[in-house]
Every structure is written in structure tokens, then in C-alpha cells.
Amino acid sequence: MKVRAAVLEAFGEPLVVQDVELAEPRSGEVLVRLVACGVCHTDLYTASGADPTGYAPCVLGHEGAGVVERVGDAVSLVRPGDHVITLFAPECGVCVHCRSDRTNRCIAIRDQQGLGHLPDGTTRLSRNGEPLRHFMGTSTFAEYTVMPEIALAKVNPEAPLDGCAPFACGLSTGIGAALYTAKVEPGSTCVVFGCGLVGLGAVIGARLGGAARIVAIDLSEERLAQARHHGATETRVAADDTVHWIKDETEGFGADYTFEATGSVAVMRQAVEAAREAWGLATMCGVAGKGETLEIVPRLLITGRRVAGSSFGGVKGRSQVPGLVDRWLAGEIDVDALISHRLPLEHVQRGFELMEEQNGIRSVISFG
Ligand SMILES: NC(=O)c1ccc[n+]([C@@H]2O[C@H](COP(=O)([O-])OP(=O)(O)OC[C@H]3O[C@@H](n4cnc5c(N)ncnc54)[C@H](O)[C@@H]3O)[C@@H](O)[C@H]2O)c1
Ligand SMILES: [Zn+2]
Ligand SMILES: [Zn+2]
């Protein structure tokens, strides 16, 4: 079938929205009709050419939500009509990592996904008879996509699908960092560095985890106001003395949990230094630039601080994303406040511009 899709033709060039060919789903695969797709930093990171693992041409997009249209052979996890959230981090349920409750790092289809292929080593996307590569196993800047069934989370059909899109990446990443990676304890003190979608997600996750104090740090007053809306109990504009200030506010000790959601290694270092002596846990969510490293004075670790990294918030996609969506429906998460712009696919490039201008929290593409 012919579908409209936003193609990354060359790094550093605007995406080109065009008709591409999408083949029918094969064994274990599913055809999804996209209803909404968030525009995330990772799409821009790859489009810019900064991502060392990026390739072009390909169809970008990974924050998708839609409806199952058709299924290939041997598909048992979803059926036509199901509402689904796309997962760049799949959950096969049987690999060594899926069987552990310590991680969401499913390895079932990783190698082919990294090459831009579906698990059988081929693509369903093509142009003029030439294969066109998938992106993050999702390629959701398109009216339809074909994905493995293990990379779809079936969610409550009452959840509006445009609000489901942020759960496919940024929002679940932040919430999960607090709930599943750090496992925030009730009554604790949390500090969140950076209040974009990921950091606001961490604020929300800290609140859901029962934190008593949630301190949000950002350069922008507007974003700090957002953080208060989602549950921050204190906010502060980032400055050179941020770590010192956090220590002062915590009787000299530092915070039980810190979260970094900026992508800056200087801020990652602050997150480690602001974590409490004895048991403080610093969780890194941001994606640093190519070749950058995080400097830590080892004494900070000997004296009990710990550092963790969190990909997709440690959320096991198929088993845990549906529960997060249910918490939204139960009124515990205000997703509407996080969606600032709705754009047609034709204006996907505007979504990147809005992100660079820090205009709003999340732009979501709505498919007509
Ligand atoms: N781990 C994952 O699976 C995953 C998933 C999605 C995004 N990310 C990454 O998470 C990071 C955050 O994503 P986002 O969409 O929320 O980004 P964003 O750009 O919307 O938000 C970043 C925020 O950090 C603030 N900031 C910048 N410098 C700061 C400083 N010195 N101190 C405090 N705040 C500062 C900015 O003002 C901004 O509000 C990015 O690096 C992104 O690539 C990771
Ligand atoms: Zn993303
Ligand atoms: Zn697995």
C-alpha cells in the first residue's frame, strides 16, 4: 500500500513528506494505523547527523499511538481494532533480560532493529522498488507502519490516542526513571534537573512514588511553573551554586534521589554531587553528545552515592505501559498539560523548530 511518510533523506536536511510503499505484515508482524505521534529529541538528534548510529534514508518517528489494522501469521498478542502504543524498546517476554525484573533491555530483535530492519532482516518500507529503512523499529512519522507484535503495548481503548503518544517515549521515560529505575520510596526527597517532557515525567513519577519533597531545577521559569503543576513542591532556576543550594536545603546531606533529564554531562555531574551521602541514587536519563564523558570524584561513590542510567525509564513496555495509561485515565497524570501543539504530518519540520525554540513541552502529529 502507498502511505504518506516523513523521510530523512540526508542528515541536516529537512524531512521530506512523500508517498512510500509499505508491504503487508509478515509472520509475527502487525500493520498499525497511526493516529498520533510525538516529536522527540531523538528524531531530531538522528536527523541532524549527530547520532553516531544514525542512517539515511529512513522513515523517522518513534512516539506513536494507533490502531491495529491487520496482523500477519502467528500473531497472538494483538488483534485488529486494538489500540496500541509503539515501543522502540520491545518486550519479548522470554529473553534473559525480559525474564529478569531488574531491566527492560530486551535483546530479542536488537541487532536487526539497529540496522533499520524488521527482525527477519528485511524492510517492509520501499520506494521505486528500493528498500527504505525503518527507524528504532517504529517509523511512526507515517500514516501506517509495520512492527513486530512484541513492540506494541495494548492499551485501554478509552484512552484518547493523541494523549497516548507521549507514553511511547518521553513521558514513560521520566515516570519510569522514578518508579522503576530509582524505585522512589514514600517520604523521600527527590531533585529533578531539567523540566522538559522527561524531567516533568520524573516529577510525576516521584509524586506517584510518594516523595515528600520534589525539587525541580531548570533554566526556564515557564518550565518550573509546569513542574509545580505536575507535583514539584519546590523549584529553582539553575545556577552555578545549585549543588550547594540543594545541600543547604537538606541539612548538608543532599537528596535521596536525583534525576538528570537535560543531556548535559555538566548537569549529570551536579546530579551525582547533589545525591545524598550514604544512600543517594543519581539516575541519568539524558542522552549526552558523542564522545562526552561523565566525571565523578570516586570518593562520592565510596561514601555511598550510587549512579544509575535509565533507558525508557526501565519500563517493560508491554507489561507496564498499559498501567501508566490507566493511571492517566484515573486522573493521576495530567497528559493534556504536556501536549502543547498538534500538527499535521506535512508540518513535522515545524515540530522540530518548536522543540529547538523550547516552545511548549511536546508537539504531537495528528493523522487526519
Ligand atoms: N533515556 C531515554 O530513554 C530517553 C528518552 C527520551 C529522551 N531522552 C533524553 O532525555 C533528555 C531530556 O529530554 P526532553 O525531551 O525532556 O528535553 P527538553 O530539551 O525538552 O528538556 C530539557 C530541559 O533541561 C533544561 N536545562 C538545560 N540546561 C540545564 C541546566 N544546566 N540545569 C537545569 N536544567 C537545564 C532545559 O531548560 C529544558 O527545559 C534529552 O537528552 C533526551 O535526548 C532520553
Ligand atoms: Zn524519544
Ligand atoms: Zn526480551
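Me: Let's begin with the ligand. How many residues surround ligand 1, and which are the closest?

Reply: In this predicted model, 30 residues surround ligand 1. The closest are G194, G196, A238, G263 and G286.

Me: Which elements give two or more residues to that shell?

Reply: There are four entries to look up: helix 1 (41–48), helix 4 (170–181), helix 5 (197–208) and strand 12 (213–218). Helix 5 supplies the largest share, with 3 residues.

Me: And how does the shell around ligand 1 divide by class?

Reply: You get 14 nonpolar, 14 polar and 2 charged residues. When reading those numbers, keep in mind that Gly counts as polar here.

Me: Domain 1 is written as two segments. How far apart are the centres of domain 1 and domain 2, and how many residues are in contact?

Reply: The assignment does list domain 1 as 2–168 + 334–366, with domain 2 as 173–311. Their C-alpha centres lie 29 Å apart. At the interface, 12 residues of domain 1 are in contact with 11 residues of domain 2. On the domain 1 side, the touching residues divide into 8 nonpolar, 1 polar and 3 charged.

Me: Now the sheets. How do I read a strand order, and what is the order in the sheet of 6 strands?

Reply: The general idea first: strands of a sheet pair through backbone hydrogen bonds, either parallel or antiparallel. In this structure, the open sheet of 6 strands runs 13-12-11-14-15-16, and its pairing is parallel. Strand 13 (234–237) and strand 16 (306–309) are the edge strands, each pairing on one side only. From one strand to the next, the twist averages 15°.

Me: Can we zoom in on one pair? How many bridges join strand 14 to strand 15?

Reply: Strand 14 (residues 257–260) and strand 15 (residues 281–284) run parallel and are joined by 4 bridges.

Me: What about the open sheet of 5 strands: which order does that have, and is the pairing parallel or antiparallel?

Reply: The order is 4-1-2-7-8, and the pairing is antiparallel. Strand 4 and strand 8 (130–131) stand at the edges with a single partner strand each, so one side of each has no neighbour in the sheet. Inside that order, strand 1 (residues 2–8) and strand 2 (residues 16–22) pair over 6 bridges in the antiparallel sense. V7, for instance, has V16 as its bridge partner in strand 2.

Me: Last one: how many helices and strands does the protein chain have, and what is its radius of gyration?

Reply: The protein chain has 11 helices and 18 strands. Its radius of gyration is 20 Å, close to the 21 Å that the globule rule gives for 368 residues, so the chain is as compact as a globular protein of that length. Along the principal axes, its C-alpha trace spans about 65 × 40 × 40 Å.

Note on methods
Residues numbered from 1 in each chain as written. Chains lettered and ligands numbered in written order. Predicted model: local features only at pLDDT ≥ 70, side-chain atom pairs only at ≥ 80, totals over all residues. Near = placed C-beta within 6 Å. Domains from an automatic or database assignment. Contact = placed C-beta atoms within 7 Å. Pairing = 2+ DSSP bridges. Axes fitted to C-alpha atoms, helices over the stretch in contact; angles between N-to-C directions. Rg over C-alpha atoms; globule rule 2.2 N^0.38 Å.
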